[in-house]
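Hello,

Here is the structure I said I would pass on. My notes on it follow below.

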Amino acid sequence: MEHFTIATVAEKSPDFRRVLWTGEHTQLVIMTIPADGEIGEEVHEGIDQILTFVSGVGEARVGGNTRKVVAGDLVVVPSGTKHNFVNTGPNPLVLYTVYGPPEHADQAVHRTKEEADAAEAAGEDEPPTE
C-alpha cells in the first residue's frame, strides 16, 4: 500500500513535477508552478487527467474555456483536450494530478519547467510500457 498526506507532500515539494506513484493504469504526480509560470499548452491523446489544487491561485484553460482555480478545486481534462494551467498569483500554484494511463517516466523529478521540457524533447520522460 502507498499512503500520502497528499496536500502536505505537494506543498513541501519545490519541484515543477515529481512522479509519486505509477501503476499499470494510473499515475500520481505533484506539481509546483512558480509565480508567473504555467504548465504549458498541451494535449494528451489517450490519457485522461484529473488535477486537484492545493494552494495558490491560477487559471485553468481547458477546451477553449477559462476558469479561476484555487485551493480545493478539481479540474478534469478528458483525453484529446487542449489545456494549460497558469499561475496568476504571487505564490506557487501547487497541485496534484492523476493521469490515466501514466503520462511520465516512473519516479521522474523535474525541478523546473525547462528541465521537464528538455526531458520530454529528448525522449527521457516516457511512461513505462507493459
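**What was found**

Of the contacts in the protein chain with a separation of 6 or more, 65% are between residues 24 or more positions apart. Please keep in mind that this is a predicted model.

Overall form. The protein chain has 2 helices and 9 strands, and along the sequence they follow the pattern α-β-β-β-β-β-β-β-β-β-α. For 130 residues, a compact globule would have a radius of gyration near 14 Å, and the protein chain agrees with that because its own value is 14 Å. Its C-alpha atoms fill a box of roughly 40 × 30 × 25 Å along the principal axes. Of the 130 residues, 42% are buried. The exposed surface comes to about 7,100 Å², with 49% of it supplied by carbon and sulfur atoms.

The sheet of 6 strands. This is an open sheet with antiparallel pairing, in the order S6-S3-S8-S2-S1-S9. Strand S6 (74–77) and strand S9 (109–110) are its edge strands, each pairing on one side only. Within the sheet, strand S1 (residues 17–22) runs antiparallel to strand S2 (residues 27–33), and 5 bridges join the two. Arg-18 stands opposite Ile-30 in S2.

Strand S4 (residues 57–62) pairs with S5 over 6 bridges in the antiparallel sense. Val-57 has Val-70 in S5 as its bridge partner.

His-44. This residue is in the loop between S2 and strand S3 (48–55). Is His-44 buried or exposed? His-44 counts as buried because its relative accessible area is 5%, and the cut-off for buried is under 20%. The side chains of His-44 and Glu-42 are joined by a polar contact of 3.3 Å. Which residues does His-44 contact, leaving aside its neighbours within four places in sequence? They are Gln-49, Ser-79, Gly-80, His-83, Tyr-99 and Glu-103.

Regards

Terms used:
Residues numbered from 1 in each chain as written. Predicted model: local features only at pLDDT ≥ 70, side-chain atom pairs only at ≥ 80, totals over all residues. Heavy atoms only, no water. Pairing = 2+ DSSP bridges. Helix = DSSP H or I, 4+ residues; strand = E, 2+ residues; numbered from the N terminus. Buried < 20%, exposed > 50% of the residue type's maximum accessible area, 1.4 Å probe, protein only. Polar contact = N/O pair within 3.5 Å; in protein donor to acceptor, adjacent residues only side chain to side chain. Contact = heavy atoms within 4.5 Å. Rg over C-alpha atoms; globule rule 2.2 N^0.38 Å. Areas by Shrake-Rupley, 256 points an atom, 1.4 Å probe, with all protein chains shown as cover.
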